[in-house]
Amino acid sequence: MVSIHFGKFFSRLNITRLLSLLLLGAVYLSYVLIGGVVFWKLEGDQVENQIAVLKEKRSTLFQVYPCLNQEGLEDLAE
């Protein structure tokens, strides 16, 4: 009789532990996603500006050196 009660207790404990781990995982995932959104809102404009500047510089480089293409630029970068 005692083993039956312990068996039920441990099965409840495992279900409770599983639910708490799932909740903890959901909270952690939400925390990471919210942090990513905040970071993107703070830094996103600067990143987009830097990307635009780099694309403009690459375009200028291709105009100055017409024999250079994307593959040649990648080889040069290595």
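Trainee: How does phenylalanine 62 count at 23% relative accessibility: buried, exposed or partly exposed?

Mentor: This is a predicted model, where local features need pLDDT of at least 70, side-chain atom pairs count only at pLDDT 80 or more, and totals for chains, interfaces and linings use all residues. Residues are numbered from 1 along each chain as its sequence is written, and side-chain values use heavy atoms, leaving out hydrogens and water. Buried means under 20% relative accessible area and exposed over 50%, with partly exposed in between (1.4 Å probe, protein chains only). At 23%, phenylalanine 62 therefore counts as partly exposed.

Trainee: Which residues is phenylalanine 62 in contact with, leaving aside its neighbours within four places in sequence?

Mentor: Phenylalanine 62 lies in helix 1, and helices here are DSSP runs (H or I, at least four residues; strands are E, at least two), numbered from the N terminus. Contact means heavy atoms within 4.5 Å. With those sequence neighbours set aside, its contacts are Leu68, Asn69, Gln70 and Leu73.

Trainee: How far apart in space are phenylalanine 62 and leucine 73?

Mentor: In sequence, the two are 11 residues apart. In space, C-alpha to C-alpha, their separation is 9.1 Å.

Trainee: Nice! What accessible area do Ile15, Leu18, Leu19 and Leu22 have together?

Mentor: Leucine 19 sits in helix 1 (residues 2–64) and counts as exposed because its relative accessibility is 52%. Areas come from the Shrake-Rupley method with a 1.4 Å probe; for residues, only the protein chains shown count as cover. These four residues form a nonpolar patch on the surface, and their accessible area together is about 410 Å².

Trainee: What is the relative accessible area of glutamate 78?

Mentor: Glutamate 78 lies in the segment after helix 2 (70–77). It is exposed, because its relative accessible area is 80%.

Methods:
Patch = residues over 30% accessible without salt bridge, like charges linked within 9 Å, V, L, I, M, F, W, Y side chains within 5 Å. Salt bridge = Lys/Arg side-chain N within 4 Å of Asp/Glu carboxyl O.
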